[in-house]
Amino acid sequence: MKISIVIPVHNEADNIISLVDEIVTAMSGTEEYEIIYVNDGSNDCTAAVLKQTQQLYKTLRVIQHQQSCGQSAAIYTGVKAASYPYIATLDGDGQNDPADIPRLYNVLKKQRQSINNLFMVAGWRHKRHDSAWRLFSSKVANTVRSGLLGDNTLDTGCGLKVFLKDKFLELPYFDHMHRFLPALILRAGGRVISEPVTHRPRVHGRSNYGTLDRLWVGIIDLLGVIWLQKRAKLAMSKEIECE
């Protein structure tokens, strides 16, 4: 297994040490992996806790955004800096279970033997531990998005995903792109499959994203992705060799 685990965080100081402990346990027996935390301009003690945790785990790398640029920017920064060809992303709030990473990685590797253009395995939070309002709004958003984009993905909001680094970096980058990765991968000629993953209650802190904020931004981004889909052209080509 050669994989980089990318975790974007903003003001998640209380969740860092326990989550890194869990990742290290989940990846025990795996020599070629790294944990990349991208501190997206936190104004709590996240930076100090990350520095402290680095002293305990040599597999932990920390990248600092001088100001908050958003989750998509933090993920993009982490993926660009990654050392390995496979990427796993996790939310920094501890609601994703790192124990699911090896399973999703193995699914991707195995399925690629028969599906050459499989670029991503997306986590599906089939039993969510969120408020009734968040569950409702997420269901509506997933239904609208899937209907308009045809991405055939059950839960694009799940932070736990495993994918190919090089294919991700070929996608068009824009703010909030992480919400539309399956549609962007399909646009690029790739495939995405969903796998059920564990979802846990948040223990510390609170969400950095409001429902209304995501709604208004999501509408604009959705229109943008529809535009990108309509402008996409996949050329089939081969090089002609001199005889």
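**Exercise 1. The sheet**

Seven strands make up an open sheet of mixed pairing, with the order β3-β2-β1-β4-β6-β5-β7. The model is a predicted one.

Task: Determine which strands are the edge strands of the sheet.

Solution. Step 1: An edge strand pairs on one side only, and this holds for β3 (60-65) and β7.

**Exercise 2. Strand β5 and its partners**

Task: Describe how β5 pairs with β7 and with β6.

Solution. Step 1: β5 and β7 (residues 191-196) run parallel and are joined by six bridges. Step 2: With β6 (residues 161-164), β5 forms three bridges in the antiparallel sense. Step 3: At the residue level, V121 has the bridge partner I193 in β7 and the bridge partner V162 in β6. L118 is bridged to R191 of β7. Step 4: Of the seven residues of β5 (118-124), six are buried.

**Exercise 3. Helix α4**

Task: Identify the buried residues of α4 and state what covers them.

Solution. Step 1: In α4 (residues 101-111), the buried residues include I101, P102, L104, Y105, V107 and L108. Step 2: A residue counts as buried because its relative accessible area is under 20%. Step 3: Their cover includes the helix α1 (16-26) and the strands β1 (2-9), β4 (86-89), β5, β6 and β7.

Terms used. Residues are numbered from 1 along each chain as its sequence is written. This is a predicted model: local features need pLDDT of at least 70, side-chain atom pairs count only at pLDDT 80 or more; totals for chains, interfaces and linings use all residues. Side-chain values use heavy atoms; hydrogens and water are left out. Buried means under 20% relative accessible area, exposed over 50%, partly exposed in between (1.4 Å probe, protein chains only). Helices (H or I, at least four residues) and strands (E, at least two) are DSSP runs, numbered from the N terminus. Two strands pair if DSSP finds at least two bridges between them. Contact means heavy atoms within 4.5 Å.
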